[in-house]
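Have a look at the model first, then read on.

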Amino acid sequence: MTRQNYVFTSESVSEGHPDKVCDRISDAILDAFLAEEPNARVACETFATTNRVVVGGEVGLSSAAKLDTFMGQVDGIVRDCVKDIGYEQDEFHWNTLQLDNLLHKQSAHIAQGVDRDGAGDQGIMFGYACRETPELMPAPIHYAHAILRRLAEARKSGAEPTLRPDAKSQLSLRYENGVPVEVTSLVLSTQHALESQSSDDIRAIVEPYIREVLPEGWLTENTEWWVNPTGTFVIGGPDGDAGLTGRKIIVDTYGGAAPHGGGAFSGKDPTKVDRSAAYAARYLAKNVVASGLADRCVLQVSYAIGVAKPLSIYVDTFGTSEVPEAEIERAVAEIMDLTPRGIRDHLDLCRPIYARTSAYGHFGRAPEADGGFSWEKTDLVEALKKAL
């Protein structure tokens, strides 16, 4: 039987965290390619350190001439990302950083399998949903994201001019009878402008925003607060710590509350099942929970490179469903084509919708009018019920 009383912790990082700077650049390059051609192929990795950004990986457009022309736009894309995040510090500035562009044409050996509608690689992908929040996400990661997103809004609006882009949050939530009821500890580290600002000064700035986003009653007299616990945090971003694309996969998904297949998302076009099939798995798991079939659901799919049909589908509802998991597995395969092309078509993934996913989680976000976060829709509820 699943534990009902426990404490669980998840962390998030802001858009200015070095790894997230890299995720943003990789996804912005992906978006630019997809805006040029919906069938563009992109596997872009980014590395960032003191006043330097390196991008590399494999890309493909319909003609070599078009690809050569497009390469000239990469410098501007990178600088626009860093500028929008807010880095204008001496050792990491959007206007003065050095960029090395090492992108090159996609391997023909990889392309041949994808061109036949097969998966771009082997791998396992997981999706998860639960009833802990209205968004059907685990509460610790959902609210860890919400805190940092709200602080970023305050920073960018000018309401908090001494906050800087790099930040991390961590929430430990106490559960009673399977329901989150209290924050036992809260960790918030944020970069700031002034050496003279103490941890107490930073807490005075951030606490109102934290209280604004957390559910009423979760912060109690027993909650431990750790705000900038090491003290001064002025040197931040890639100048303080090098960043890499794809190094925050648990932050990107469920905060450790559910399995992760291991593959990162950012910088990968939707022919890569690491990304598209993970989105499809979340979409199906969320619809299972939204339909009332289960209170929790984890769904796994697996693929082989060059092969279109998924090798397996696995569902676990942790004893919260009266419907056998095998029946749910059969139903989800019936109501959605889980080939790579089927996923792309169903969720309309061949669009420039990915830069917005690069910070504050790929899941638990509202579907957007232009197709962003289409995997968060709950439009399969009736089809699931009918199939069962």
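Lysine 20 and aspartate 23 form a salt bridge, with their closest N and O atoms 2.8 Å apart. (A salt bridge here is a side-chain nitrogen of Lys or Arg within 4 Å of a carboxyl oxygen of Asp or Glu.) This is a predicted model, so local features need pLDDT of at least 70 and side-chain atom pairs count only at pLDDT 80 or more, while totals for chains, interfaces and linings use all residues. Residues are numbered from 1 along each chain as its sequence is written, and side-chain values use heavy atoms, with hydrogens and water left out.

**Salt bridges**

- Searching the whole structure turns up 27 salt bridges.
- Lysine 20 and aspartate 23 sit 3 residues apart in helix 1 (residues 18-36), which puts about one helical turn between them. (Helices are DSSP runs of H or I with at least four residues, and strands are E runs of at least two, numbered from the N terminus.)
- As background, an α-helix has 3.6 residues a turn, so residues three or four places apart point the same way.
- Lysine 20 counts as buried at 1% relative accessibility, and aspartate 23 is buried too, with a relative accessible area of 1%. (Buried means under 20% relative accessible area, exposed over 50%, and partly exposed in between, using a 1.4 Å probe and protein chains only.)
- Glutamate 376 pairs with lysine 286 in a salt bridge at 2.9 Å, N to O. That pair links distant parts of the chain, 90 residues apart: glutamate 376 is in the loop between helix 11 (340-347) and helix 12 (381-387), and lysine 286 is in helix 9 (residues 273-290). Both glutamate 376 and lysine 286 are buried.
- Glutamate 334 bridges to arginine 330, with the closest N and O atoms 3.0 Å apart. Both are in helix 10 (residues 325-335), 4 residues apart, or about one turn of the helix. Arginine 330 is partly exposed, at 34% relative accessible area.
- There's also a network: Glu15, Arg24, Asp84 and Lys156 are joined by salt bridges that share partners.

- Helix 1 and helix 2 (residues 64-71) have axes that come within 12 Å and cross at roughly 140 degrees. (Axes are lines fitted to C-alpha atoms, for helices over the stretch in contact, and angles run from 0 to 180 degrees between N-to-C directions.)
- The two helices are therefore oblique to each other. (Under 35 degrees is roughly parallel, over 145 roughly antiparallel, 65 to 115 roughly perpendicular, and the rest oblique.)
- Ala32, Phe33 and Glu36 in helix 1 meet Lys66, Leu67 and Phe70 in helix 2. (Contact means heavy atoms within 4.5 Å.)

**Helix 5 against helix 6**

- The axes of helix 5 (residues 139-157) and helix 6 (residues 199-213) come within 9 Å, crossing at roughly 130 degrees. Helix 5 is oblique to helix 6 as a result.
- Residues making the contact include Tyr143, Ala146 and Ile147 of helix 5, and Val206 and Tyr209 of helix 6.

**Valine 78**

- Valine 78 lies in helix 3 (residues 74-85) and is buried, with a relative accessible area of 0%.
- Leaving out residues up to four places away in sequence, valine 78 touches Ile25, Ile29, Val53, Val55, Leu97 and Leu99.
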